[in-house]
Amino acid sequence: MAGRPDYYKALGVDRKASQDEIKKAYRKLARQYHPDRNPGDDKAEARFKEISAAYDTLGDPDKRKQYDRGQGPFGGFGAGGGAGPFGGTSGGFDTSGFGDILSDLFGRATGGGAAGRRSPREQAGRDLETEVRLSFDQAIEGAQVPLQVPTSAPCPTCRGTGAKPGTAPKVCPVCHGRGIESEGQGLFSISQPCSRCGGSGTVIEDPCPTCNGAGMQRTLKRLRVNIPAGVREGSRVRLAGKGEPGRNSGPPGDLYVITHVDESPVFRRKGDHIEVEVPLTIPEAIRGATVEVPTLHGSKRLRVPAGTKHGTVQRLRGEGPPKLGGKGRSDIHYRFVIDVPASLNREQKAAVDELSKVMNGDPRSKLFAGRR
C-alpha cells in the first residue's frame, strides 16, 4: 500500500467497516465539504475530492476487494495528468459517479452525466386496509382466515415500466432525470416536483397498451392471514409487507386488518376482560350457595357468600382471553343478579309476606309469635 492513499483514513472508518457504515461516513463528510456549501474554499474542494475518490473505491464491493489486495489503479486524485477517480482530467471536478447520493443530500443533480444514467426512483407500495368478521371463539383463540384484498400489481405486459414492450421510459427533458424543478440562485432556491414527469425523473413516450402507461393493474390479492388470539371488535392488525407492491424495486406497503367480532350468548367484553351474568334466587343470595359458572374452556364451581347483594362481582384471575402482545391472560368477572320471579303462587306469596314481616320486625310475624 506504499504510495497509495489510505481511503479508510480519508473516510474515517475502520478497515472492517460495513458497506452501510462506509456510505454513512461518506454522506456525512459530503454534506460538510461539498463545494456548494463552501464556495471559494479550495481546501474544502480538495477534501471533497479526496472523500469522493475514497467512496468511489470503497463504496463498490469489487473495487474495495481489489484495493484491499493492493491491486487496481488506485493512484492519487487525478495524479500524473491522466484520468482521475472522477472520470475527468487532472484537476477536473466531475462527481457524476456520486449523483444519486449527492442529489439525495442536496436535492439536485450534481454531475453533468448523472441525470442521463439515473434509474427510475423507487416508490414504496401503498398501505392497504381490509375488514374481517370473526366468531367470538376465533377472536379469543386466534384463527387463520382467508382474505381477498383489492390491490395493484405490476402490469404483466410491460413488467411495471409503463412503456410499450421493446421501448423504455426516457429521461425527462425538463428536469433531466432529477424529478424536481428549482427556482432561484445559488444555495437559496425553491424545489418542487417536476411539472413534466411528476417527480419520477422519466417520461413515457410510447405507453404500454395494457396499462396505458400506469405500469400497474388492479387485481384481487388472495391470502390467508393469522389473526392473533385476544383481538376484539375494532382491533387493527398490521401485516408488514402484505400491502401493495412497490414500484421500481421499492418496498411493499403494509396490510391492516380491522376485526369485527360476533357477540357471544354467554360472555360480554369489558375492556381486556370478559363478564358473565350469574342469576341467583332470593334464598341463594340470602343463605349463600355454591353455583356452577361457565368458563372459556368448560365450567367451574363458585362459592356465593351469604347476604350477597344484586350486582356483586367475583373474579377468576387468568381465566379470560389472552392479552394482545403475549402478556398472559385477562380475567373473567361474574356479576351476580338476583332473579326475582315475575309471578308467585299462593305458598310463595305467603312466604314473601312472612319474610317481609321478619325484615321489618313486625310483631305479627309467626316467628315473633313463637317467642311470646
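Aspartate 6 is partly exposed, with a relative accessible area of 34%. Partly exposed means between the two cut-offs: buried is under 20% relative accessible area and exposed is over 50%, with a 1.4 Å probe and protein chains only. The side chain of aspartate 6 meets that of arginine 15 in a salt bridge, at 3.8 Å from N to O. A salt bridge here is a side-chain nitrogen of Lys or Arg within 4 Å of a carboxyl oxygen of Asp or Glu. Arginine 15 is partly exposed too, at 43% relative accessible area.

This is a predicted model, in which local features need pLDDT of at least 70, side-chain atom pairs count only at pLDDT 80 or more, and totals for chains, interfaces and linings use all residues. Residues are numbered from 1 along each chain as its sequence is written, and side-chain values use heavy atoms, with hydrogens and water left out.

By the salt-bridge rule, the count comes to 14. Another of these pairs is aspartate 262 with arginine 133, whose closest N and O atoms are 2.8 Å apart. Aspartate 262 sits in the loop between strand S9 (255–261) and strand S10 (268–270), and arginine 133 sits in strand S1, so the pair ties together parts that are 129 residues apart in sequence. Strands are DSSP runs of E, at least two residues long, and helices are runs of H or I, at least four; both are numbered from the N terminus. Aspartate 262 is partly exposed, at 34%. Arginine 133 counts as exposed, at 55% relative accessibility.

Strand S1 covers residues 128–134 and also holds threonine 130. Is threonine 130 buried or exposed? Threonine 130 is buried, with a relative accessible area of 13%. Contact means heavy atoms within 4.5 Å. Leaving aside residues up to four places away in sequence, threonine 130 touches Leu147, Val149, Leu255, Tyr256, Val257 and Ile258.

Next comes glutamate 319. Its side chain meets that of lysine 300 in a salt bridge, at 2.7 Å from N to O. Glutamate 319 lies in the loop between strand S14 (313–316) and strand S15 (332–338), while lysine 300 lies in strand S13 (residues 298–304), so this pair ties together parts that are 19 residues apart in sequence. Glutamate 319 is partly exposed, at 23% relative accessibility. Lysine 300 is partly exposed as well, at 36%.

Salt bridges can also join into a network. Arg268, Glu275 and Arg335 are linked in this way.
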